[in-house]
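Start by looking at the structure.

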Amino acid sequence: MFTSEIRRLFQNVLVRRLFIVLLLGFGLFSVNIFYGIENQNYKNELEQQVSMNSIQNSYLRYQLEAYGSYREDVSKRIENNEAKLNLPIFTDVDIRTQLINENIALRKIQSKDVRILPGYAITELLNSSLFSVMVLLLSCLLVYALFFEDMIHQTIYLYRSTPQTLSKLYSSKIAVFISVVLVYSLLCTCMVLILAQWDGIDLRSPIQWLVDFRFSFHFFSIIVYILVVMFIQTGAALFIGCIVLLFVILTRNISLGYTLAFVILLVEFILNSFIAINDEFSVLKYINLFYYMFGSIDHVSWLMFASVRLDFLTATLIFMLVCGMILTLVSRHLYLRLSSNGFTHQKVKGYQIRSTKLVWHEFLRILFFNKAFIVILLVLAYSYNRYSSFSISKSLGQIDYEMIESRYYGELNTTGLDRITKDLDEAKSAYEFLESTNSGGQKELSQEEYDALDLKARPYPSLIRIRNKMIQLYSAGSRFFVNDDGYDYIMESKSYFSVILHFGLITIALSLFVAMNVHNEYQNKLMQLYLSTKNGNLKKIRINMWLYYGVTLIFTFIVYSLYIFKIQKGYTIFNQNLPLFALTSATTSSMSLMNYTVISITLHLFVYFSILRIVYVFSRRFDVAVVVVIMIGFAFVQIALFNFIPAFSILYLLTISFVNQIWVTLAWIMALIVLNVFIQAKVINSSH
Amino acid sequence: MDNVNRLQVHKLSKSYGKVLALDQVSFDLEPGIYALLGHNGAGKTTLLNILATVLESDFGEYYFNGELVETHKKKFRSNLGYMPQQQQLPPYLSVESFLYYIASMKDIKRNRAESKIESILREVNLLEFRKRSLSTLSGGMKQRVLIAQALLNDPRILLLDEPTAGLDPVERRSFRELILRISEKKIVILATHVISDVEWIANEIMIMQNGRILTISSQAELIDKTKVYESYELLDKLKQQDSELKVVNQIRIRDQIRTRFISKHSFDQLVSTTLDDVYLDWLG
């Protein structure tokens, strides 16, 4: 029965195609990360052994900083513990034992050869949560194909008339569901491991270089980490699949069941995002489906379980196994009952819309009665997740330095230089005074006087660095002194990964959204009825196109806004930095930030509108799966071209590159205009 | 509406690749019910799709009340009611909401739509189901919804493609009654291969084969042209008298076989002709 279920499942065209698309999608995405510009740059920088100062804004720089602060933090914690042990007030035996044990563990960490590893690609791949999304999609689809198609098409009654029991049928379906998801996960894991191996990564190295694992005493190796993360995510996806199954059976309504399952995931996401680590409900943060599905599984959770003498993996597996068993048994019981009592996936009462405005009908049809809109919402949720989980690890020294530097951001002129010179002089005299006091050259100071001088003297080293930097920029002709780290990300000259991710996600989401919408109508012969009416031709198409443009505009705007907000979390961009209309000649571009942003947004919209129109034309002819596969292929070709011959890729228009070679940009714009005119002619001709 | 409606079709042709679906079809119709009979694949749906302005012909043109439809499409569409072959309706909408949707496409104002929808739903016996989801309707009810939408704009031309597919005998009878009620002053073209759908209601029968209209005649004329006989003689013997006779059926009665057949020759036992016999005579 197991074999026949598998065979039947893979005879389902949608399952077969989507399985291949998800596998290829993950594979191509992984290849792109490992062989993309950013990973290659990272590896080059690493090989060149360049000094830290010459590395700007790269992943390596943050990793080196994190690595430096990690070594520093470990030494400081050991020193502090030693100092406490030497103090007469720490007499409590328990506290002393705890401090001694902590120092043993810290020394063990210190003695480990934790090197800077080429971990960029793996970190990005796991942080992207793409695997989670793919395995979640696969699970939801499999549950639908295995359990609900029989009920919708009412073949379940046919099965009931055969000698096989429904219980056996249910068990074989569950077995097929788990097996297919596991096979997919195994194939993906193998892909990641092979790519990592080819990338020259030693899979047995400890992962202390990952910020979350800096103080982990478990010394996980890369291979263990990958296996653990991917299989926990698989477990979570299977678990969510069971929840979907349960809800659909309970509600006897497919859409409602799926919606409830996603609401649960949303609640879990809110719990995971908004509960603080030290909150009394923090357990809800970690024993949380969303956390397993999209979280980075950091050392905190490992430690939490270590205190009850269970490592995180075992605890997680036991927890999921028990919950999964309960869910499966409950849904089995309900499935058997439901199969006897009948299944209805539609409610008796339809939606009531009493309007004769076509635009209102089309608006509701496209945005509310269309399941494809969930794809857009999912991508938005994913973008929000990337925004909310984004953090940059900075040492305390670095944070102090950036805070002092931000006081001098603005126009670079003699007034600004005079201001820092004055502050520097004050700090210098306070510093020298304190030095001479410490060496006994001055009279004793009261505590208040000492604190006031110390406060003035502390920024002295930073001020010297900042002043030198300002003078250097001033003599080079710069008009502004700004922290332009963030500008490189906004202008996407450094964050190719984000460019590629956004491009891929938006293209695929728009393709699914439009294709499912359009193809559904055109496949259904009802379109002939619409076409025979007065407004069912050009007016309907025009309204639909405007609605698609609107969705694309808002969707693209939100995705990129979340991206900008994400950067704003780590860098100063809009607050006290460069005025919006100032020329950023000191930075990467010779354009003002405002002009750049306006042109860039216009180009983004132009590109995505063109993609939308291509998908619209394809969707009227081809099946949804075919259109999506074509568009995924298109996206990957563009990404590959961007990596090797950037000027030949449409992504050229989505990065700062468009400023650099204006002729290439104009050529691309002309090509897109011609394409759009051609598409317009096709749309108009067919709608006559 | 006082003008007599007239549909003139002149040499319409359409091919899909190498397959000729319509071959120089021409006719001239005035108000009445026209049954378009033909096998599956005869070109009925292609002809209706072209007349419904959904599909473009390769050659030929057609006129409605003297106006070339190609150049007056919008006006023509305002006078058109089209019911395509049975298909899935938007499952989430109620019966009434679907009709409002179609009303928005037919450019009917809200006040008029409200009263019109109510009267049509009453006409097709769906008033009590107006709030029901389309997905929960039976095949017959869905067909009635589709007829209702076709009537929303008081069409002068009504094109119905296989309107009774999937209906039970009682529903078929109600459908025939409905068509008779609504057909006054309209040109109704009803494409089907089910003879009983059009028997007694069609003024004229159009028989179609391989993309051509073979004849347009009244039922009486067609029945008159087809001679049907019954005989207990062996078929081989009958064929000796007319090698081209068409067997309608053969029934065993005790030790004998009674053969019902169509022939151009004259035989002893002439029996009454049905429309089924006519269909077989032309298309069998």
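In this predicted model, helix α25 (residues 538-570) of chain A packs against helix α26 (residues 593-619) of chain A at an angle of about 135 degrees. Their axes lie 10 Å apart. The crossing of α25(A) past α26(A) is right-handed.

Which residues make the contact? On α25(A) they are I541(A), M545(A), Y548(A), Y549(A), T552(A), L553(A), T556(A) and Y560(A). On α26(A) they are H604(A), L605(A), Y608(A), F609(A), L612(A), R613(A) and Y616(A).

Now take another helix of chain A. Helix α23 (residues 496-523) has 28 residues. At 1.5 Å a residue, α23(A) should span 40 Å. The C-alpha atoms at its ends are 39 Å apart, which agrees. Is α23(A) largely enclosed or largely open? Of its 28 residues, 22 are buried, so α23(A) is largely enclosed by the rest of the structure.

| Property of chain B | Value |
|---|---|
| Helices in chain B | 10 helices |
| Strands in chain B | 14 strands |
| Buried share of the 284 residues of chain B | 52% |

Sequence distance matters for one last value. Take the contacts in chain B between residues at least 6 apart in sequence: 68% of them join residues at least 24 apart.

Conventions
Residues are numbered from 1 along each chain as its sequence is written. Chains are lettered from A and ligands numbered from 1 in the order in which they are written. This is a predicted model: local features need pLDDT of at least 70, side-chain atom pairs count only at pLDDT 80 or more; totals for chains, interfaces and linings use all residues. Side-chain values use heavy atoms; hydrogens and water are left out. Helices (H or I, at least four residues) and strands (E, at least two) are DSSP runs, numbered from the N terminus. The expected span of a helix is 1.5 Å times one less than its number of residues. Buried means under 20% relative accessible area, exposed over 50%, partly exposed in between (1.4 Å probe, protein chains only). Contact means heavy atoms within 4.5 Å. Axes are lines fitted to C-alpha atoms, for helices over the stretch in contact, and angles run from 0 to 180 degrees between N-to-C directions. A crossing is left-handed if the near helix is turned anticlockwise from the far one by less than a right angle, and right-handed if clockwise.
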